[in-house]
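Dear colleague,

Please find the structure below, with the sequence alongside. My notes on what was found in it follow.

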Amino acid sequence: MDHSRTPLFSALREHAAHNPVQFHIPGHKKGLGSDPEFRSFIGDNALSIDLINIAPLDDLHQPTGVIEEAQKLAADAFGADYTFFSVQGTSGAIMTMILSVCAPGEKIIVPRNVHKSIMSAIIFAGARPVFISPARDSNLGIDHGITTRSVKRALERHPDAKAVLVINPTYFGICANLKEIVDLVHSYDIPVLVDEAHGVLIQFHEKLPMSAMQAGADMAATSVHKLGGSMTQSSVLNVRKGRVNPHRIQTIISMLTTTSTSYILLASLDTSRRNLALNGHDIAEQTISLAQLARDEINNIPGLYCIGEEILGDEATYDYDPTKLTIHVRHLGITGYETENWLRDHHNIEVELSDMYNILCLVTPGDTRDSIDKLLIGLRELADTHHIVNEAMELVVKIPEIPQLSLTPRDAFYAETEIVPFKESAGRIIAEFIYVYPPGIPILLPGEVISQQNINYIIDHVEIGLPVKGPEDRSIQFVKVIVEETAIS
């Protein structure tokens, strides 16, 4: 296929060049109705292609023209049979994957450290999650992926599951043996869904881990915007035919997608595909080289450690993406949160993520030697300021056992609820989410029975000032639980 073509973006430019008189939305009409300051900042070119699904520009909900052509080119670039553009981000693509294979009451095998969009989709579908605990890294205080062995155990116990979902790579760039997992799951004739939010570049370079499509997975939700150059909120859903129905997928993604689809987002997907298809190997090579340079320099800074190939070698750490810089700061005697704030306040540097013991910096095609040097200057000063001055923190990561699931998340979410003091909630069925950091995995999900161990773990986190997310009461003094009928005596 001719990947120099951008059918959608070219059609948008041609349409704007004709300068039609518009009597349709959006109401700003090429920027003339916009706030002047915003128009001046954004620019008339962008506003001229902020359009809707008029006939010459095709319709994302039922593409037959330039969007269909653009999606076919994307499928070829990503090694898929079908590719669907998402203007609802990877969250929308993930929800589509789950809703297209799971009906109410059916099981889906998922890692415990899932993105909230996965749990949202499980609630919408009325599915029953079967959780697999991710492998824990006791040296770094983070979680990796799920292992082939744990997937095998889950399938042996739940051969009636409708799908298995895998995160590849994890947020920190770590991969299990995806091909091995896919082959195992396919031996049960069950589809594999992949959360590939952080893996858009891996399709395009042999030094990067295997992509979902290369491994033979059935569907993969891939964030082009995170690392591949498109605009925020634009992603793709890559599909391999056989075990899943592309017509049903089109129906589901359409149900989840706004009818006012952003052509700016769609155009950025079309052009990013061109750039990756034509230049992806060179782009990835340069990005990997910059990241490796940064990694080597960081590992020469006293008190800092940036993970690399040395962590590979077991089931959970089969491969890794070197463009993710996971920097362990515990030996400086400060937390990752404190590091994030210090770099912002002292060097105007923003990191991707911080937790108790680490920060995560993403090296992308948008980086240069200059941006890497600025990061290194900031980290050297950070170490000079804190190393030896502070005592190294003790690494303690304890996670309670996965609670008993008493109701499906959907039934719990929509059940009659009441508010009770969290410290007195042991034995009750929770109706909301509670996530704690580190390591960022959900401790309680709707439908699970709250244990005293859960309560103690969460209160310990709150008392030392670590973020607890999810519940309506952010102070975690009260929690929403299912109303229980009292027995009739």
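How many of the 10 residues of helix 6 (residues 116–125) are buried? The count is 7, so helix 6 is mostly covered, taking buried to mean under 20% relative accessible area. The buried residues of helix 6 are Ser-117, Ile-118, Met-119, Ala-121, Ile-122, Ile-123 and Ala-125. Just after helix 6 comes Gly-126, with a positive phi of about 75°. Please bear in mind that this is a predicted model.

Overall picture

The protein chain contains 16 helices and 20 strands. Its radius of gyration is 24 Å, which agrees with the value near 23 Å that a compact globule of 489 residues would have. The C-alpha trace spans about 70 × 65 × 50 Å along the principal axes. Of the 489 residues, 56% count as buried. Among contacts with a separation of 6 or more, 72% are between residues 24 or more positions apart. The accessible surface of the chain is about 21,400 Å², and carbon and sulfur atoms hold 49% of that surface. As for charge, there are 39 positive and 61 negative side chains, and the centres of the two sets lie 4 Å apart.

Helix 11

Helix 11 covers residues 246–256, and its buried residues are Pro-246, Ile-249, Gln-250, Ile-252 and Ile-253. An α-helix has 3.6 residues a turn, so residues three or four places apart point the same way. What do the buried residues of helix 11 pack against? Their partners are strand 1 (82–86), helix 5 (89–101), strand 9 (219–222) and strand 10 (235–239). The N-terminal end of helix 11 is capped by Asn-245, which has a side-chain oxygen 2.9 Å from the backbone nitrogen of His-247.

Pro-26 sits in the loop between helix 1 (7–18) and helix 2 (36–42). Pro-169 belongs to the loop between strand 6 (163–167) and strand 7 (174–175).

Asp-58 is not a glycine, yet its phi is positive, near 70°. Asp-58 is placed in the loop between helix 3 (44–48) and helix 4 (66–78). Is Asp-58 buried or exposed? Its relative accessible area is 7%, so Asp-58 is buried.

Ile-476 is another such residue, with a positive phi of about 60°. Ile-476 lies in the loop between strand 19 (468–469) and strand 20 (478–482). Ile-476 counts as buried because its relative accessibility is 7%.

Pro-403

Pro-403 is in the loop between helix 14 (369–386) and helix 15 (409–414). With a relative accessible area of 13%, Pro-403 is buried. Which residues does Pro-403 touch, leaving aside those up to four places away in sequence? They are Arg-112, Ile-443, Leu-444, Glu-448, Val-449 and Asn-454. Pro-403 and Gly-447 are 44 residues apart in sequence, and their C-alpha atoms are 9.5 Å apart in space.

Regards

Technical notes: Residues numbered from 1 in each chain as written. Predicted model: local features only at pLDDT ≥ 70, side-chain atom pairs only at ≥ 80, totals over all residues. Heavy atoms only, no water. Helix = DSSP H or I, 4+ residues; strand = E, 2+ residues; numbered from the N terminus. Rg over C-alpha atoms; globule rule 2.2 N^0.38 Å. Buried < 20%, exposed > 50% of the residue type's maximum accessible area, 1.4 Å probe, protein only. Contact = heavy atoms within 4.5 Å. Areas by Shrake-Rupley, 256 points an atom, 1.4 Å probe, with all protein chains shown as cover. Lys, Arg positive; Asp, Glu negative; His and termini not counted. Charge placed at Lys NZ, Arg CZ, Asp CG, Glu CD. Polar contact = N/O pair within 3.5 Å; in protein donor to acceptor, adjacent residues only side chain to side chain.
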